[in-house]
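Welcome! Let's take a short walk through this structure together, one stop at a time.

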Amino acid sequence: MEKDTVFDITVKTFGEADGSFVLYEDDFETFAYEEGQNRIVIEKHPGEDVTIHSENGTMTKYRLVR
C-alpha cells in the first residue's frame with residue numbers, strides 16, 4: 001500500500017434515526033490513535049444525508065461513495 005492510497009467508504013443506512021460512529025486509523029508507527037488523533041467521523045443526518053470528516057482536519061485518505 002502506498003502513502004497516497006485513497007480508501008473508498010460505503011455507508012448503508014436503514015431507518016430514520018440520526019447517528020454517527022468513529023473510525024480510528026492506526027498508522028502502525030505511533031500510538032496517536034490512543035490519544036484521539038486520526039479519528040474519522042461518519043455521521044447520518046436527517047433525510048439520509050451521510051457525511052464523513054476528520055476531527056484533525058485532514059481527509060486525504062478516505063472518500064465517501066454514494
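Which residue forms a salt bridge with Asp8? The partner is Arg63, and the closest N and O atoms of the two are 2.6 Å apart. A salt bridge here is a side-chain nitrogen of Lys or Arg within 4 Å of a carboxyl oxygen of Asp or Glu. The structure holds 1 such salt bridge. Asp8 lies in strand E1 (residues 7-10) and Arg63 in strand E5 (residues 62-65), so this pair ties together parts that are 55 residues apart in sequence. Strands, marked E, are DSSP runs of at least two residues, just as helices (H or I) are runs of at least four, and they are numbered from the N terminus.

Before we go on, a word about the model: it is predicted, so local features need pLDDT of at least 70 and side-chain atom pairs count only at pLDDT 80 or more, while totals for chains, interfaces and linings use all residues. Residues are numbered from 1 along each chain as its sequence is written, and side-chain values use heavy atoms, with hydrogens and water left out.

How open to the surroundings are our two partners? Asp8 is partly exposed, with a relative accessible area of 46%, and Arg63 is partly exposed with a value of 46%. Buried means under 20% relative accessible area, exposed over 50%, and partly exposed in between, using a 1.4 Å probe and protein chains only. Lys3, found in the segment before E1, is exposed at 74%. Lys3 and Leu23 are 20 residues apart in sequence and 18 Å apart in space, C-alpha to C-alpha.

Now for the sheet. Here 3 strands form an open sheet in the order E2-E3-E4, with antiparallel pairing. Strand E2 (19-24) and E4 stand at the edges, each with a single partner strand, so one side of each is left without a neighbour in the sheet. Two strands count as paired if DSSP finds at least two bridges between them. Strand E3 (residues 39-44) is joined to E4 by 5 bridges. Across this pairing, Val41 stands opposite His53, and Lys44 opposite Val50. E3 and E4 form a hairpin with 5 residues between them, and Gly47 in the turn has a positive phi of about 80°.

Let's finish on strand E4 (residues 50-54), where the side chains alternate.
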